[in-house]
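Me: I have a structure open and would like to learn how to read it. Could you take me through it one feature at a time?

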Amino acid sequence: MKDDGKNNYNVFKPNPDGGGIERLTLENSIRKALQLGEFELHYQPQVDVLTGEVIGTEALVRWNHPTLGLLPPAKFIPIAEETGLIVSLGEWVLRTACLQHQVWREKGFAPMRVSVNLSSRQFSKHDLIERIEEILRETRIDPRYLELEITESMTMNVDGAIEVLGKLKELGMQLCIDDFGTGYSNLYYLKLFSIDRLKIDRSFVRDIMTDTTDADIVATIIAMAHKLGIGVIAEGVEDRDQLDFLHSHSCHEVQGFYYHRPLPAAQFERLLRKRGAM
Ligand code: C2E
Ligand code: CA
Ligand code: CA
Ligand code: CA
């Protein structure tokens, strides 16, 4: 697939994921949806297994489409990536997540980490740092509570990645390597980049009980994180057995349907209230 930011693909080619929507149409509707405010964030709780407390949340974007209903990222993120619209969308996500964090603080909830996914397109923009600084200023979020999720490939493919990551750390944010283990890992980078957390990808967690290789990989990632003094969180935890496995290997932060699905902001807030996180 072309990834040069131009619209030089065949507009008549049906989009394999988009249920027959033509690419150009989809691109235009994403642009319009941004203007009309049709995107929304859902928040998936991250839980400390030891205390059962919600210790953080990952912001995940959805498109509240006027006719198609609530669309998951798989339906529009790939096109947004291809067309470069992901940069504007990603900024909207970051700003919205920071504002939401501040709203929750003002309502008296204990402040918690909010994690935002960064796309490689955003990461390679020369003005990334300035844009983030602006959002921090504008929303006045304490950057210690903001975590950016980046992928291994981003650190490998972007010129000056070390410098960018250094600057992000200087701004006081936390960095998490998302989908850890699925890309080309350069372990040397972990220390160099002062990475705060590794997120074990759902594809490993899924088969933890049936595939001994996956189980070994997960156990090894956890042990390595502990050894390096880096945090570790497992995503995609769906059942008790997976949870017990992770717990027994001392991975205490988890995110997954076993606890909670991603929730609209109002529902997330209700959950916090119910748990007395005031
Ligand atoms: P991801 O960053 O790996 O996010 C985790 C995905 O796993 C989410 O899917 C979440 O709903 C799903 N998930 C969490 N726990 C479970 C579980 O126990 N079982 C199952 N089956 N799934 C679980 P979602 O929200 O559909 O997002 C898919 C991907 O879209 C994300 O994967 C991320 O790569 C991308 N994405 C989502 N929001 C954003 C965004 O704001 N910006 C960027 N650049 N990408 C985003
Ligand atoms: Ca993520
Ligand atoms: Ca991701
Ligand atoms: Ca993942």
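**Reading exposure, contacts and sites**

Reply: Start with Arg140, which counts as exposed because its relative accessibility is 71%. Buried means under 20% relative accessible area, exposed over 50%, and partly exposed in between, with a 1.4 Å probe and protein chains only. This is a predicted model, so local features need pLDDT of at least 70 and side-chain atom pairs count only at pLDDT 80 or more, while totals for chains, interfaces and linings use all residues. Residues are numbered from 1 along each chain as its sequence is written, chains are lettered from A and ligands numbered from 1 in the order in which they are written, and side-chain values use heavy atoms, with hydrogens and water left out.

Me: Where is Arg140 placed, and what is its phi near?

Reply: Helices (H or I, at least four residues) and strands (E, at least two) are DSSP runs, numbered from the N terminus. Arg140 is in the loop between α5 (128-139) and β5 (146-151). Most residues other than glycine have a negative phi. The phi of Arg140 is near 60°, a positive value. Asp179 also has a positive phi, near 55°; Asp179 is in strand β6 and is partly exposed, with a relative accessible area of 23%.

Me: Which residues coordinate the calcium ion (ligand 4)?

Reply: Donors are N, O and S atoms within 2.8 Å of the metal (3.2 Å for Na, K and Ca); water is not among the atoms, so sites may look incomplete. Here the calcium ion (ligand 4) is coordinated by Asp179 (OD), Asp201 (OD) and Glu235 (OE), at 2.0 to 2.4 Å. Along the chain, these donors follow the spacing D-x21-D-x33-E. Asp201 lies in the loop between β7 (197-200) and α9 (202-206) and Glu235 in strand β8 (residues 231-235), so this pair ties together parts 34 residues apart in sequence. Asp201 and Glu235 are both buried. The calcium ion (ligand 2) is 5.6 Å from the calcium ion (ligand 4).

Me: How many residues surround ligand 1, and which are the closest?

Reply: A residue is near a molecule if one of its heavy atoms lies within 4 Å of it. Ligand 1 is surrounded by 21 residues, of which the closest are Gln44, Arg62, Asn117, Glu238 and Phe257.

Me: What lies 2.8 Å from an oxygen atom of ligand 1?

Reply: A polar contact is a pair of N or O atoms within 3.5 Å; within protein, one must be able to donate a hydrogen and the other to accept it, and residues adjacent in sequence count only if both atoms are side-chain atoms. For ligand 1, a backbone N or O atom of Phe257 lies 2.8 Å from an oxygen atom. A nitrogen atom of ligand 1 is 3.1 Å from an N or O atom in the side chain of Arg202. Elements giving two or more residues to the shell around ligand 1 are β2 (54-65), α3 (86-106) and β6 (174-180). β2 gives the most, with four residues.

Me: Is His65 buried or exposed, and what does its side chain reach at 3.1 Å?

Reply: His65, found in strand β2, counts as buried because its relative accessibility is 15%. Its side chain reaches the backbone nitrogen of Thr67 at 3.1 Å. In helix α2 (residues 77-83), the side chain of Thr83 reaches the backbone oxygen of Ile79 at 2.8 Å. Thr83 counts as buried, at 10% relative accessibility.
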